[in-house]
Amino acid sequence: MKHFIIKGPTKGVKGNINISGAKNSCLPLMAASILFEKKVVFKNIPLVNDVYTMKNLLIALGSKVVINKSNKMMTIINTRPHKLVVPYELVSTMRAGVLTMGSLLGRYHKKNIYVAKGGGCSLGIRDINYHLSGFESLGASNSLQKGYVKISSKDKLKGSLFKFPKVTVTGSANLIMASVFIKGFHIIKNISIEPEVIDLINFLNNSGANIKFLGKRTIKITGVKELIKGNHNIIGDRIEAFSYLCVAAITGGRVTVKNINPKHLKTELSILKKIGYKIKTSDNSVYLKSIKKLNSVKIKTAPFPGLATDSMPMLLALLTKVPGKSEILENIFSNRFMAAPELSRMGAKIKVKRNKAVILGTRNLFGADCISSDLRTTFSIILGALSATGTSKIQRIYHGLRGYSNLEKNLKKMGVKIKSVEK
Ligand code: EPZ
């Protein structure tokens with residue numbers, strides 16, 4: 001199994017990193033291609049494993065999907081009606097497979113659609129009850145049959161009013177996709193306004209859909225007959241950008257991350273400034289420079305524009321080296337501090353109680369053998385290993401390769417002593 005070997009400490013990394021397209025924008029956009037009879041072209045696609053898994057899922061449903069690695073473009077053509085069963089083996093490895101529910105229902109609502117119910121994951125129970133009640137508000141019924149969610153509606157989907165009980169990113173994307181061709185209009189309240197959901201709304205509107213904001217988290221979707229051919233440039237990945245800013249922060253270096261809209265990580269940047277890092281932004285880049293005096297902070301995760309739960313594991317690692325006592329409240333997932341025990345093996349002083357982590361900054365961490373459990377935990381452990389004295393071995397890095405393209409190459413470019421070993 002491939003693992004990383006990192007020799008630390010790495011001091012004062014320097015570099016410019018070109019950020020990839022956002023994985024969590026590309027995945028719903030690919031699911032939305034099911035709504036199109038005409039060709040769809042995506043630019044600035046991230047070359048990460050999850051995108052290839054979603055490609056295989058779309059091909060299994062009957063789409064023609066071509067990825068051009070050199071210019072990071074993807075073309076999707078639907079020449080025939082899609083199959084309406086989304087198999088478990090494709091959903092079990094990537095939860096985002098649940099996103100095909102909304103677009104299949106939106107296009108084939110009078111048919112029976114079967115989508116495997118995704119398993120749990122290390123972050124905690126990943127329920128889809130809000131997704132299903134959203135579909136019910138359009139007149140679609142659902143039932144669970146042998147691990148598959150069966151969704152269908154006898155008549156054309158009809159608009160009404162729905163309020164999400166809690167902000168859900170893929171739940172919002174799913175209901176938006178299901179509402180594109182409805183009869184009348186649908187008012188949806190308490191939707192996610194994560195940049196990736198806004199990217200999906202922009203893509204659909206530019207392709208002929210009619211989605212308007214009535215308030216901060218309220219939209220009105222008026223059904224249209226069909227969508228014209230789609231063409232979209234995917235936004236930069238804010239979590240990847242933040243991850244590389246933390247590499248410079250934890251090693252006392254400096255970095256410029258490019259092809260990223262700084263407004264998409266506003267809270268993360270204000271936290272880094274509060275800790276004491278020097279930040280400069282342009283309209284599509286962020287520059288971070290470390291300085292000596294660092295301050296502990298108390299932070300909490302929240303739906304956008306709050307601190308992204310996906311950014312939190314990297315901050316957890318960073319705060320192990322900031323003098324004083326810091327606190328993190330995780331308000332999105334029930335089990336998001338998976339990096340804490342691994343960082344503690346390096347000597348980090350972290351106490352986790354339910355959804356709160358208290359971190360006592362320490363001067364020295366020491367290299368250790370670690371095992372990753374999910375995408376963002378992988379990067380958090382890497383940050384710990386960068387600042388630790390000695391060699392660290394990080395196993396199960398396939399989790400990290402799901403969401404970071406050119407991970408090893410980018411880290412080496414910044415001066416990190418890292419190598420991957422197949423065994
Ligand atoms: C999306 O997951 C992202 N995944 C996650 O990134 C991200 O961590 C998360 O949003 C939060 O920002 C993709 O976009 C593909 P939620 P999602 O529905 O949509 C509960 C990655 O690997 N909930 O916003 O699944 C849920 O359990 C991942 O990049 C219900 O209870 O997250 C969680 O506690 C990690 N019922 C909270 O809401 C539902 O029907 C927010 O989840 C839906 C959600």
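**Architecture and local geometry of the predicted chain**

G252 is partly exposed, with a relative accessible area of 48% (buried means under 20% relative accessible area, exposed over 50%, and partly exposed in between, with a 1.4 Å probe and protein chains only). This glycine belongs to the loop between α8 and β15, where helices (H or I, at least four residues) and strands (E, at least two) are DSSP runs numbered from the N terminus. Apart from neighbours within four places in sequence, G252 is in contact with G12 and S290, contact meaning heavy atoms within 4.5 Å.

Residues are numbered from 1 along each chain as its sequence is written, and side-chain values use heavy atoms, with hydrogens and water left out.

The protein chain contains 14 helices and 25 strands. For 423 residues, a compact globule would have a radius of gyration near 22 Å, and the value of 22 Å for the protein chain agrees with this; the radius is taken over C-alpha atoms, and the globule rule is 2.2 Å times the number of residues to the power 0.38. Along the principal axes, the C-alpha atoms fill a box of roughly 65 × 45 × 40 Å. Of the 423 residues, 57% count as buried. Among contacts between residues at least 6 apart in sequence, 74% join residues at least 24 apart. The chain exposes about 17,400 Å², of which carbon and sulfur atoms supply 53%; accessible areas come from the Shrake-Rupley method with a 1.4 Å probe, and for residues only the protein chains shown count as cover.

The charged side chains comprise 69 positive and 22 negative groups, and the centres of the two sets lie 4 Å apart. In this count, Lys and Arg are positive and Asp and Glu negative, while His and the chain ends are not counted. The place of each charge is taken as NZ of Lys, CZ of Arg, CG of Asp or CD of Glu.

Helix α7 (residues 195-206) has 12 residues, which at 1.5 Å a residue should span 16 Å; its end C-alpha atoms are 16 Å apart, in agreement. The expected span is 1.5 Å times one less than the number of residues. The buried positions of α7 are P195, E196, V197, D199, L200, I201, F203 and L204. These buried residues pack against helices α1 (23-32), α6 (169-178) and α8 (238-251), and against strands β3 (40-43), β12 (211-215) and β14 (230-233). After α7 comes G208, with a positive phi near 110 degrees.

Strand β15 includes V257, which counts as buried at 0% relative accessibility. Beyond its neighbours within four places in sequence, V257 is in contact with I17, I19, A241, Y244, L245, N284, S285 and V286. By contrast, V257 and R126, 131 residues apart in sequence, are 31 Å apart in space, C-alpha to C-alpha.

Two residues other than glycine adopt positive phi values. N259, with phi near 60 degrees, lies in the loop between β15 (254-258) and α9 (266-275) and counts as partly exposed at 39% relative accessibility. R354 has a phi of about 50 degrees and is placed in the loop between β20 (349-353) and β21 (356-360); this arginine is exposed, with a relative accessible area of 72%.

Cis peptide bonds also occur in the model. One joins G8 and P9, with omega about 0 degrees, and P9 is in the loop between β1 (3-8) and β2 (14-18). Another joins F304 and P305, with omega about 10 degrees, and P305 is found in the loop between β18 (298-300) and α10.

The loop between α10 (312-319) and β19 (325-329) holds G324, which is partly exposed with a relative accessible area of 40%. Leaving aside neighbours within four places in sequence, G324 is in contact with S296, I359, L360 and G361. The C-alpha atoms of G324 and K393 are 28 Å apart, and the two residues are 69 apart in sequence.

How values were computed
This is a predicted model: local features need pLDDT of at least 70, side-chain atom pairs count only at pLDDT 80 or more; totals for chains, interfaces and linings use all residues.
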